[in-house]
Amino acid sequence: MSHHEQRVCRGAVVLRGKWPVLVVAVRGALCAVVPLAAPCLPHHRADVPLAGCSAVRGHIARCGAPVLVRAGGLTGILGTVSAECLRRVRPGLSL
């Protein structure tokens, strides 16, 4: 029996533990992710509102501190964001 593993790609909204994150880069088995927060939290200059992105409507991408994680540790693909949403996120990243 083979082990089936879901492929995580840039722009995917996935769960890291029980928290949603946005995958902003993938390199082999490593992914750079930023947490997604509810819109009621205070805004930092690296926070990017994702109001027009259907998979995460109303959430904020916390781009100030992307985290490198193993792709195998990410579960439950919730959806994907468009290339336009990723273009808005890029300037906020501190990679």
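Which residue in β2 does Leu15 stand opposite? In this predicted model, the residue facing Leu15 is Pro20 of β2.

## Overall layout

The protein is built from seven strands and one helix. Along the sequence these elements follow the pattern β-β-β-β-β-β-β-α. Of its 95 residues, 36% count as buried.

When contacts between residues at least 6 apart in sequence are considered, 57% of them join residues at least 24 apart.

## Strand β1 and its partners

Strand β1 covers residues 12-16 and is joined to strand β7, residues 74-80, by four bridges. These two strands run antiparallel. Within this pairing, Ala12 stands opposite Thr80 in β7.

Strand β1 also pairs with strand β2, residues 19-27, in the antiparallel sense and over four bridges. The Leu15 and Pro20 positions face each other here. The hairpin formed by β1 and β2 has two residues between the strands, and Gly17 in this hairpin takes a positive phi near 70 degrees.

## Salt bridges

A search of the whole structure gives two salt bridges. One of them joins the side chains of Asp47 and Arg62, with an N to O distance of 3.2 Å. This pair links distant parts of the chain, 15 residues apart: Asp47 belongs to strand β4 (residues 47-49), and Arg62 belongs to strand β5 (residues 60-62). Asp47 is buried, with a relative accessible area of 9%, whereas Arg62 is partly exposed at 27%.

The side chains of Arg87 and Glu84 also meet in a salt bridge, at 3.3 Å from N to O. Both residues lie in helix α1 (residues 83-89). They are three residues apart, about one turn of the helix. Arg87 is exposed, with a relative accessible area of 54%, and Glu84 counts as partly exposed at 40%. As background, side chains of opposite charge can pair when their charged atoms come close.

Which residues does Val89 touch, not counting residues up to four places away in sequence? They are Leu22, Val24, Val48, Leu50, Ala61 and Cys63. Val89 is found in helix α1 and has a relative accessible area of 1%, so Val89 counts as buried. The C-alpha atoms of Val89 and Ile60 are 9.8 Å apart in space, while the two residues are 29 apart in sequence.

Val89 is also part of the largest nonpolar core, which has 17 residues. The members that touch the most other members are Leu22, Leu50, Ala61, Val81 and Val89. Strand β2, strand β3 (30-37) and helix α1 each supply at least two residues of this core. Another core, of 10 residues, lies apart from the largest one; among its members are Val21, Val23, Cys31 and Leu74.

Leu50 has its own set of contacts beyond its neighbours within four places in sequence. These are Leu36, Val56, Arg57, Gly58, His59, Ala61, Arg88 and Val89. The list includes Ala61 and Val89, both named above among the core residues that touch the most other members.

## Cysteines

How many disulfides does the structure hold? The number is zero. Cys9 is in no disulfide, and the nearest cysteine sulfur, that of Cys31, is 9.2 Å away.

A disulfide requires the two sulfur atoms to be within 2.5 Å.

Methods. Residues are numbered from 1 along each chain as its sequence is written. This is a predicted model: local features need pLDDT of at least 70, side-chain atom pairs count only at pLDDT 80 or more; totals for chains, interfaces and linings use all residues. Side-chain values use heavy atoms; hydrogens and water are left out. Two strands pair if DSSP finds at least two bridges between them. Buried means under 20% relative accessible area, exposed over 50%, partly exposed in between (1.4 Å probe, protein chains only). Contact means heavy atoms within 4.5 Å. A salt bridge is a side-chain nitrogen of Lys or Arg within 4 Å of a carboxyl oxygen of Asp or Glu. A nonpolar core is a set of buried Ala, Val, Leu, Ile, Met, Phe, Trp, Tyr and Cys residues joined through side-chain atoms within 4.5 Å.
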